[in-house]
Amino acid sequence: MRKILKSNMIFLGLCVAMLSAYTPMPGGEGFEIYLNNKLVLQKYNSDIKQVATLQLDRRNANDQLSVKYHHCGKIGKDRVITVKDEKNKILRQWHFADVNTVQGAMTCNVKEILSLEKLKANELKLYYASSELPAGRQLVTIIFSDKASYVSR
């Protein structure tokens, strides 16, 4: 009887272990970057630590750059997008109101970013910070070009 009970318990344990492997994990951190509502970059979880390059030129001057950042499926509070130079000097910041919807995109004019090129910076760094991520995270490196815009992952 003990042998049957023991084998049933082992079988039950294996079943629970197998079923839990298919249980979705809650949350996750990630972001998307859009140019004129067109997705140009999407990173989640461990991928967000690898900084991509976003190339902009004068043809993007009238574009809108939008960032959506997710903290475990939630939108952050006290959100800030910052552009820094190579020496991590803050060149421009945008502060965004708290929202309760996942559609809470943070949008700025590309023209404002392109105007920073005159500061003779070879590349700029785009950062996101919030009360959930106070130290901030670099999302992309922005480089200026005479070619069409693209993202290098």
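How many helices and how many strands make up the secondary structure of the chain? The secondary structure comes to 2 helices and 10 strands, where helices (H or I, at least four residues) and strands (E, at least two) are DSSP runs, numbered from the N terminus. This is a predicted model, in which local features need pLDDT of at least 70 and side-chain atom pairs count only at pLDDT 80 or more, while totals for chains, interfaces and linings use all residues. Residues are numbered from 1 along each chain as its sequence is written, and side-chain values use heavy atoms, with hydrogens and water left out.

**Whole chain**

Colour the chain by secondary structure. From the N terminus on, the elements run α-β-β-β-β-β-β-β-α-β-β-β. Of the 153 residues, 39% count as buried; buried means under 20% relative accessible area, exposed over 50%, and partly exposed in between (1.4 Å probe, protein chains only). Contact means heavy atoms within 4.5 Å. Among contacts with a separation of 6 or more, 68% come from residues 24 or more positions apart.

Now keep strand 1 (residues 29-35) and strand 4, which pair in the antiparallel sense over 7 bridges. Leu 35 stands opposite Leu 65 in strand 4.

**Ser 66**

Next, pick Ser 66 in strand 4 (residues 64-71). Is Ser 66 buried or exposed? Ser 66 is buried, because its relative accessible area is 7% and the limit for buried is under 20%. Its side chain is joined to that of Thr 107 by a polar contact of 2.9 Å. A polar contact is a pair of N or O atoms within 3.5 Å; within protein, one must be able to donate a hydrogen and the other to accept it, and residues adjacent in sequence count only if both atoms are side-chain atoms. Leaving aside neighbours within four places in sequence, Ser 66 is also in contact with Glu 32, Ile 33, Tyr 34, Ala 105 and Met 106, among others.

Move to strand 5 (79-84). In this strand, 6 of its 6 residues are buried. Arg 79, Ile 81 and Val 83 point one way, and Val 80, Thr 82 and Lys 84 the other way. In a regular strand the side chains alternate between the two faces of the sheet.

Lys 84 stands opposite Ile 90 in strand 6. The hairpin of these strands has 5 residues between them, and there Asn 88 takes a positive phi near 65°.

Tyr 127 in strand 8 is the bridge partner of Thr 82.

**The largest nonpolar core**

Select Ile 33, Leu 65 and Leu 126. Of the 30 residues in the largest nonpolar core, these touch the most other members; a nonpolar core is a set of buried Ala, Val, Leu, Ile, Met, Phe, Trp, Tyr and Cys residues joined through side-chain atoms within 4.5 Å. Strand 9 (residues 137-144) gives the most to this core, with 4 residues. In soluble globular proteins, nonpolar side chains tend to be buried together.

Show the surroundings of Leu 126. Not counting residues up to four places away in sequence, Leu 126 touches residues including Ile 33, Leu 65, Val 67, Ile 81 and Leu 139.

Arg 137, found in strand 9, is another residue that Leu 126 touches. The two are 11 residues apart in sequence and 8.5 Å apart in space, C-alpha to C-alpha. Arg 137 counts as buried, at 17% relative accessibility.

**Loops and cysteines**

Pick Asn 45, in the loop between strand 2 and strand 3 (52-56). Asn 45 is not a glycine, yet has a positive phi of about 50°. At 46% relative accessibility, Asn 45 counts as partly exposed.

Finally, select Cys 72 and Cys 108. Cys 72 counts as exposed at 54% relative accessibility, and Cys 108 counts as buried at 6%. A search of the whole structure finds 0 disulfides, a disulfide being a pair of cysteine sulfur atoms within 2.5 Å.

How values were computed. Pairing = 2+ DSSP bridges.
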